[in-house]
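This report is meant for a reader who is meeting the structure for the first time.

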Amino acid sequence: MAIIVGVIIGALILLTFIIFFGIYNSLVRLRNQVRNSWSQIDVQLKRRHDLIPNLIETAKGYMKHERETLEAVTNARSAAVAASGKGVGQQAKAEGDLSGFLSKFFALAENYPDLKANQNFLALHEELTSTENKISFARQFYNDSVMNMNNKVQMFPSNIVASMTGFRAQEFFEIELKAEREVPKVSFS
Amino acid sequence: MFEQIRANKIKSLWLIVSIGAVLLAMGYFLGAAFLDSGISGIVLATIVWVIMNLIAYYAGDSIFLGMARAKKIQKKDHPQLFNIVEEMVIASGLPKMPDIYIIDDPAPNAFATGRNPYKSAVAVTSGLLRMLNRDELQGVIAHELGHIKNRDILLMIIAGVTVGAIVLIAKWMWYLLILGGGGRSSRRSSGGGGGGGAAILILVALVFMILAPIFSRLMYFALSRRREYLADASSALYTRYPEGLASALDKISSSTHVLASANDATAPMYIINPLHKAGLKASDLSSTHPSTSERIKILRTMGNSAAFATYDRAYRKVHGGSGGVIPAGTLKGAAGLVQSRAAAVEEKRPPAVEKVERARDVTDLVERLNKYTALACQCGTAFRVPPDYKGKAIKCPRCGRDNPIPGR
């Protein structure tokens, strides 16, 4: 009798361990996915930072009367470069500002037919448009990954394993800035 | 995502299993009737099937791409197409960028193939590139990457190969029946009794030889149709813009071109059935794809959410039944409401101008791939010479000056 009870208890303990490590492994997998998707955003943001000086250089000759806009883009880029690595929230804000100024710049560029006929500008335009898209798709995937991870961290029974092994809910990458939501206004002042 | 893949596997498994069962049953009856042993028939069918599957697993994608006469391109050949694929790879979270191929054909179409998400390929026709704008092309590419992500590519290859094995074995048996007919009947008669049983067996075998290829093909098509809906839903989810794919399907289905390099076996792999004219009803069982008008209607019913659940609801609304099309496991794992986005800010160039530029880009690309020689005449005219032009020099079409062709 004692043997049977012992076996049952032993089996239960074993089962608990298996479940525990199963949950633990899935948490690790989710955390890796979150990190991986964050690094994807990072790659695209860096790519954008690298493209902007070329763009400004190409546009300078054509857009002589738009110095303010060009400077604003350059400054926003510097601010975004400085903000990288300073946490999700701050970086999101700086990058959101940069996106706003960039779309303003492209709206202005529409008024310069010579610039728009420049092959170099066209290629850079496509690259930047695509990089913008990639940033938003990477953000989309990152946020989906964060949501999966947070669900796991906060829901029973995986929340027990998460709190015991130090998994925390992750921060969403949200750009809630007017600049990105609104259609850029073109001003001729 | 993982739930989605698992649910897919289970949902589609029975179709694969039943196609396999048809193969084995056919092997048994053909063996019993013509080889005097059902088991040896099964063994023979299995051997054929395994060999075909091994070939398909290791070389299926290159065979298929070769059959479609697809050519691999690099980023510099078409930066926009590459960028769009890169965007969708990020959105879908695929671990590796697929190879990109171009098929030089005016019929707009696309397909995905490969073994798994680590080894995959996407092919589009030059006609597709000419016809679609950026948002639409993105929708189509997202649909193809959906096939890769949902593991449809290997599933369709295996299903296709099994159907191929059934067709092949049935064909062999016909030859055997026609060529060896005399010998077999003499052996049977020398055996004496049991003639009635043998006759029934032969009858069953004949029925299998006629019906098995048809039935297995129908099951293959049923499988293919399910996967099309799921890939459409994936496209909406990745792009967050169902209208892109809807408008692309609209344009593609209005084309009257027929893809020259497609055939019966490869047809289910394409985004739109390359062999049939537009507007086929979904109730047509032999159709490899759901009717395009229905697919468009579902995408346009989705409104401002791009989630799987929304697609499922839209499907039920359009289809008018209680059964959904997205596996339950997928719905459980997916987020409730996913806000879809607005159309990308379009260039302010008139669409006609954009279309001309796009057409020129694609023509350039295709001629480069086909190894045309680019020449620039002194009068400022630029033109290309096809590789099969034999002369050493060619007259400029504008000024009539003789231009030597380099390397001849």
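For the helix pair, an axis is a line fitted to C-alpha atoms over the stretch in contact, and an angle runs from 0 to 180 degrees between N-to-C directions. The model is a predicted one.

**A helix pair in chain B**

In these terms, the axes of H2(B) and H6(B) come within 9 Å of each other and cross at roughly 140°. Angles over 145 degrees would count as roughly antiparallel and those from 65 to 115 as roughly perpendicular, and H2(B) and H6(B) are therefore oblique to each other. The crossing of H2(B) and H6(B) is right-handed.

Which residues bring the two helices together? On the side of H2(B) they include Ala45(B), Val48(B), Trp49(B) and Met52(B), while on the side of H6(B) they include Ile157(B), Ile158(B), Val161(B) and Leu168(B). Asn53(B) and Gly60(B) in H2(B), as well as Thr162(B) and Gly164(B) in H6(B), also belong to this contact. Sorted by class, the contact of H2(B) with H6(B) has 11 nonpolar residues, four polar residues and no charged residues.

**Where chain A touches chain B**

The contact between the two chains takes 12 residues from chain A and 11 residues from chain B. On the side of chain A, the elements that give two or more residues are helix H1 (2–60) and H5, and the largest share, nine residues, comes from H5(A). By class, this side of chain A has four nonpolar, five polar and three charged residues.

**Backbone points in the loops**

In chain A, a cis peptide bond with omega of about 0° joins Phe156(A) and Pro157(A). Pro157(A) is found in the loop between helix H5 (119–154) and helix H6 (158–165) of chain A.

How does the surrounding of each arginine count? A residue is buried only with 20 or more other C-beta atoms within 10 Å, and exposed with 12 or fewer. Arg69(B), with 14 such atoms within 10 Å, is therefore partly exposed, and Arg151(B), with 18 C-beta neighbours inside 10 Å, counts as partly exposed too.

Note on methods:
Residues numbered from 1 in each chain as written. Chains lettered and ligands numbered in written order. Predicted model: local features only at pLDDT ≥ 70, side-chain atom pairs only at ≥ 80, totals over all residues. Helix = DSSP H or I, 4+ residues; strand = E, 2+ residues; numbered from the N terminus. Parallel < 35°, antiparallel > 145°, perpendicular 65-115°, else oblique. Left-handed = near helix turned anticlockwise from the far one by under 90°. Contact = placed C-beta atoms within 7 Å. Nonpolar A, V, L, I, M, F, W, Y, C, P; charged D, E, K, R; others polar.
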